[in-house]
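Subject: A structure to look at

Dear colleague,

I am passing on a structure for you to open, and below it you will find some notes on what came out of it. Please keep it on the screen while you read.

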Amino acid sequence: MEFRARVGLVFVLLGCFLGLMLVLDTFSGEMFPQQEVAIVPGVLIDQTFTKAGFLYGPQSWRPGYDPLGIEPGVEQPGNSRWYLMFIDLNATPVSGNPQVKRLGSVRVTYNMTGLVGRAVFHTYGLTTGTMPTRTNRQTGTNHCAYVVTGNAPAGTSMPAAIPLVVQPTHQYRIAISNNQAADYAGMTSTTRSFQFTQPGAGQGALHITSDLKKPLGMVTETSGLNGTFYVTATGGNPGNDLLLLVAVDRPQADDFALRVRTEFIRT
Amino acid sequence: MAVIKPYFSLYEIALLSLCAALIVALNIALAIPLKIPGHTGIYWVVPVIIGVGIVKKPGAGTYIGFISGILATLFGLNTLHIFNLLIYLSMGITIDILGFVFFYRLDHPAAGFITGAAGNLVKMIVNYTLQTFLGIPAGFILIGIGTASITHVIFGGIGGILAALVLSRLLKAGVITRDRS
């Protein structure tokens, strides 16, 4: 066979292969249908917290390498006064390659009573070794949080709260407000460790979304005192346990209550 | 006593090794921020095709792929580590086979295009297979393998044409000859 004929033949074969790839791409959804979102049976935590659960504040920041703002989209903490509560969710999302494993997210269902002002939810993923603690992005592309606004009568004080001190080592020992979540290896049942190794480290590894079709997260503002949101992960390592940060911007009344339930959702 | 003549001469071994090293050097030195799957094929098929086009012996591409795979593993070019060897080797073998099919006339732009495109495409397939089995998120999984195939063919093809033009200039300058001496 002549040179030109061989070039033509191989060119046609290459074209056929490309066509096959495009056909595979087009019909792969029908040939390999995606498994539907499914709740894994079992509630991971179901606990009610009162204003005594706000152990930190008043302060304008949340832990990061440099202190992060609490208001979604605000990088530098201002003069706002927030009260913080950390809750161990006893769960973690599963991220990675969807071709080889089923991914999952954590569904958080909350019910609040007596909320005054704004309550902002952020999330942290605990890590081991030198890996920085994971969290949702505070500013910029794909920054996310969940904000609930309530108009109950205001409280006068938050007696359990003391301000968290900014650590120059960028490491924090955080007391959680629940004690029924499973103990984490090497830690006591009431504290968890955060470590941030460099500016921006760990940010964006976790996302908060109210719509699983948008797994990279969004800022959701609602006045619904009962609702659901999801903690998702799209990176390599979401951490091995999740903490939920609940921050409120003013003292709550004595009848304040927050019920939190978590479930694992296969996506 | 009969002297066993080596398959590749010292000159050929040196040339093929330099081509292999050039692939790794180009990968490290050139960081094109295109973010399109397969865009690196525009430069990394060039040394392989030139090496095969000059040496004109079966196994030349495989040798380049093997050496560059080892170098890529040692330099830690991506997350695949030792599996880099399979990617580079598959590309080398493909270019080897097509060089043989095209009578080593890789200075022809059409032959260069097909050889470069096929080499880059096979590299993508091996890469895709490895990434899928190892569970590493990859760009072409997100954009779809059909689109990724087209971009690999285009960039590999452009690299192949560049290699063909270089070989053609070397032939015209008399640095290399069309028939193996």
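A strand, as the word is used here, is a DSSP run of type E with at least two residues, and strands are numbered from the N terminus. Please bear in mind that this is a predicted model.

In chain A there are 16 strands and one helix, and 49% of its 267 residues are buried. If we take the contacts in chain A between residues at least 6 apart in sequence, 81% of them join residues that are at least 24 apart. The accessible surface of chain A is about 12400 Å², and carbon and sulfur atoms account for 55% of it.

As for confidence, chain A has a mean pLDDT of 86, with 90% of its residues at 70 or more. Residues 180–187 of chain A, however, have a pLDDT below 50, although this stretch makes 15 contacts in the model beyond near neighbours in sequence. Where pLDDT is low, the predicted coordinates should not be read in detail.

Is A:Thr262 buried or exposed? Its relative accessibility is 0%, and therefore A:Thr262 counts as buried, since the cut-off for buried is under 20%. Leaving aside residues up to four places away in sequence, A:Thr262 touches several others, among them A:Gly42, A:Leu89 and A:Val106. The C-alpha atom of A:Thr262 is 9.3 Å from that of A:Tyr230, a residue 32 places away along the chain.

Notes
Residues numbered from 1 in each chain as written. Chains lettered and ligands numbered in written order. Predicted model: local features only at pLDDT ≥ 70, side-chain atom pairs only at ≥ 80, totals over all residues. Heavy atoms only, no water. pLDDT = per-residue confidence, 0-100. Contact = heavy atoms within 4.5 Å. Helix = DSSP H or I, 4+ residues; strand = E, 2+ residues; numbered from the N terminus. Buried < 20%, exposed > 50% of the residue type's maximum accessible area, 1.4 Å probe, protein only. Areas by Shrake-Rupley, 256 points an atom, 1.4 Å probe, with all protein chains shown as cover.
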